[in-house]
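I am opening a notebook on this structure and writing down, entry by entry, what I looked up.

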Amino acid sequence: MTSRFRSSDPAGVPDSRAPRRRSVVKAAAATAVLAGPLAAALPARAAEAPAFLHGVASGDPLPDGILLWTRVTPGAAAIPGSGTGPDTEVSWTVALDKAFTSVVAKGSTVATAASDHTVKADIRGLQPATDYWFRFSAGGTDSPVARTRTAPAADASVAGLRFGVVSCANWEAGYFSAYRHLAARNDLDAWLHLGDYIYEYKSGEYGTRGTVVRPHSPANEILTLADYRTRHGRYKTDPDLQALHHKAPVVAIWDDHEFADNSWSGGAVNHTEGAEGTWSDRQAAAKQAYFEWMPVRPAIAGTTYRRLRFGKLADLALLDLRSFRSQQASTASGSVDDPDRTITGRAQLDWLKSGLKSSDTTWRLVGNSVMISPFAVGSLSADLLKPLAKLLGLPQEGIAVNTDQWDGYTDDRRELLAHLRSNAIRNTVFLTGDIHMAWANDVPVDAGTYPLSASAATEFVVTSMTSDNLDDIVKVPEGVVSAVASPVIRAANRHVHWVDTDRHGYGVLDITADRAQMDYYVISDRKDPGATSSWARSYRTRSGTQTVERTYDPA
């Protein structure tokens, strides 16, 4: 998601006078600064025996398999990103019960500094739609025990599925209470992370209403492989994040902040070529650290686009909308309607279209990191237009579209929606993050004439977990901006059924053969580690309708 706190001013006021100065922090220097305090924080046993300080995780469930992950700390100095530490044998055990009396799989590998002492085990030969328990062990130390679940068999008739849905977790902006509340549930088949699992900014650059709730590590903007590893490592120490990883498998895609703000195939808004090294090196470092630290099984090396199936009920296409996209449109880089510009890349768009057409499931879900529904700002007043432009990273003197989302790549969107219509592909639901607001949308073929024109799909957008939204930027009480902005946005966008511009939280997607429903939950206070959660609203799309409607009870 775009953010524009570019000043070192602790109030978070953007500096418009000149490009901000940056310094490249060498990995060796960063390690030297961090090793002391971080090593001191380790349990005493970490100095003499391996430790599992970053929890365990699972991801990308298949009918017969699951991907397991952990990171072992072989000694006090072998912190994430340090590049140090001895080779360490790590074993794993998978069982049908938490007490491990019915073991179904065992194995081992060696964790090395070359992979930042992270470990993955792609377990196969499991039973479909089954809960399993797993743990890792090294040097006589066991990891926490975690639950995971396989997907239903490809030809299975599935009564229902339930997924947690999250996006935009900025460490410095608050605590990850949304993860804790999802972890407290016992009904999730998996949880979807739709991007911005980490943020790349230096400490103090993008907090909460200009205030840092808890500091990043490393403190500098992350640029090198060591930096990205260190930042991933800091995130994985969060107890609420660990709790959710210990409860259910994750299905994750990346967005821009896993790299740098508003990234595209050849650069990013938050990257200064030369002063911060080359974009190709930075992108490669970000991708390497991501695949080391996340339980993601890429179908194609170096990208997160892939497809998972959950019986006859749903398949899930997961997109990579950063690796192949053209630069965002501007007066220098071309029109949003230019057919030579792309958000998906040709190969990925063809893959997506082919998969949607050939799918024989009831529902076709698309994990989509930026909003596909058109969004015109309408007649927003200047006091709301400028904060909105700041949130979206657009010129504050006046905007027409958010060029970082599908609005900036209209030819790709037009081709995809025409494909859905011409092939009578029904029940396509886009699941989206990024924009730090909650939305429930129809996806019109022609927004200008909607509702007279058809809707080709529907879209549920979840708000940010902690990252600033409109009320935070304007610095007014929660709900004030939404009360004013929501009616204006809906009047200018008749396909939008609901938008909440102000609150933080998460979603729970519940699917049956008859409908796909998103229950939207909000967090009481992102600055409170004990924040409560409450249900806010629910919207659903009934099978065959391609439109959204409100429903008045969570699933």
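This is a predicted model: local features need pLDDT of at least 70, side-chain atom pairs count only at pLDDT 80 or more; totals for chains, interfaces and linings use all residues.

**Entry 1**

I placed A456 in strand β19, which covers residues 455–461. Leaving out residues up to four places away in sequence, I listed what A456 touches and wrote down L417, L420, R421, I425, V443, V445 and Q546. I also noted a pair that is separated along the chain: A456 and R426 stand 30 residues apart in sequence, while their C-alpha atoms are 7.8 Å apart in space.

**Entry 1: the chain as a whole**

I then stepped back to the whole protein chain, for which I counted ten helices and 24 strands. The chain has 555 residues, and 61% of them count as buried. Its exposed surface comes to about 19200 Å², of which carbon and sulfur atoms supply 53%. Taking the contacts between residues at least 6 apart in sequence, I found that 72% of them join residues at least 24 apart.

T463 counts as buried because its relative accessibility is 6%. I followed its side chain to two backbone oxygens: the one of H436 is reached at 3.4 Å, and the one of R503 lies 2.7 Å from a polar atom of that side chain. Apart from neighbours within four places in sequence, T463 is in contact with S167, H436, M437, A438, N469, R503, H504 and G505. I also noted that the C-alpha atoms of T463 and D434 are separated by 7.6 Å, although these residues are 29 apart along the chain.

S464 sits in the loop between β19 and α9 as well, and with a relative accessibility of 0% it counts as buried. Its side chain reaches the backbone oxygen of S467 at 2.6 Å. With neighbours within four places set aside, I wrote down S167, C168, H436, M437, N469, H504 and G505 as the contacts of S464.

At 12% relative accessibility S482 counts as buried. Its side chain reaches the backbone nitrogen of T501 at 3.3 Å, and beyond four places in sequence S482 touches P487, V499, D500, T501 and D502.

How enclosed is helix α3 by the rest of the structure? I found that nine of its eleven residues are buried, so the helix is largely enclosed. The buried residues are A226, D227, Y228, R229, T230, R231, H232, G233 and Y235.

I then looked at how α3 (residues 225–235) lies against α5 (residues 279–293): their axes come within 8 Å and cross at roughly 35 degrees, and the crossing is right-handed. On the α3 side I listed L225, Y228, R229, H232 and G233, which meet R282, A285, A286, Q288, A289, Y290, E292 and W293 in α5. Sorted by class, this contact has seven nonpolar, three polar and three charged residues.

**Entry 2: backbone details in loops**

F100 has a phi of about 60 degrees and lies in the loop between β3 (88–95) and β4 (103–111), where it counts as buried at 9% relative accessibility. A424 has a phi near 50 degrees and lies in the loop between α8 (410–422) and β17 (428–432), but at 62% relative accessibility A424 counts as exposed.

Methods:
Residues are numbered from 1 along each chain as its sequence is written. Side-chain values use heavy atoms; hydrogens and water are left out. Buried means under 20% relative accessible area, exposed over 50%, partly exposed in between (1.4 Å probe, protein chains only). A polar contact is a pair of N or O atoms within 3.5 Å; within protein, one must be able to donate a hydrogen and the other to accept it, and residues adjacent in sequence count only if both atoms are side-chain atoms. Contact means heavy atoms within 4.5 Å. Helices (H or I, at least four residues) and strands (E, at least two) are DSSP runs, numbered from the N terminus. Accessible areas come from the Shrake-Rupley method with a 1.4 Å probe; for residues, only the protein chains shown count as cover. Axes are lines fitted to C-alpha atoms, for helices over the stretch in contact, and angles run from 0 to 180 degrees between N-to-C directions. A crossing is left-handed if the near helix is turned anticlockwise from the far one by less than a right angle, and right-handed if clockwise. Ala, Val, Leu, Ile, Met, Phe, Trp, Tyr, Cys and Pro count as nonpolar, Asp, Glu, Lys and Arg as charged, and the others, Gly among them, as polar.
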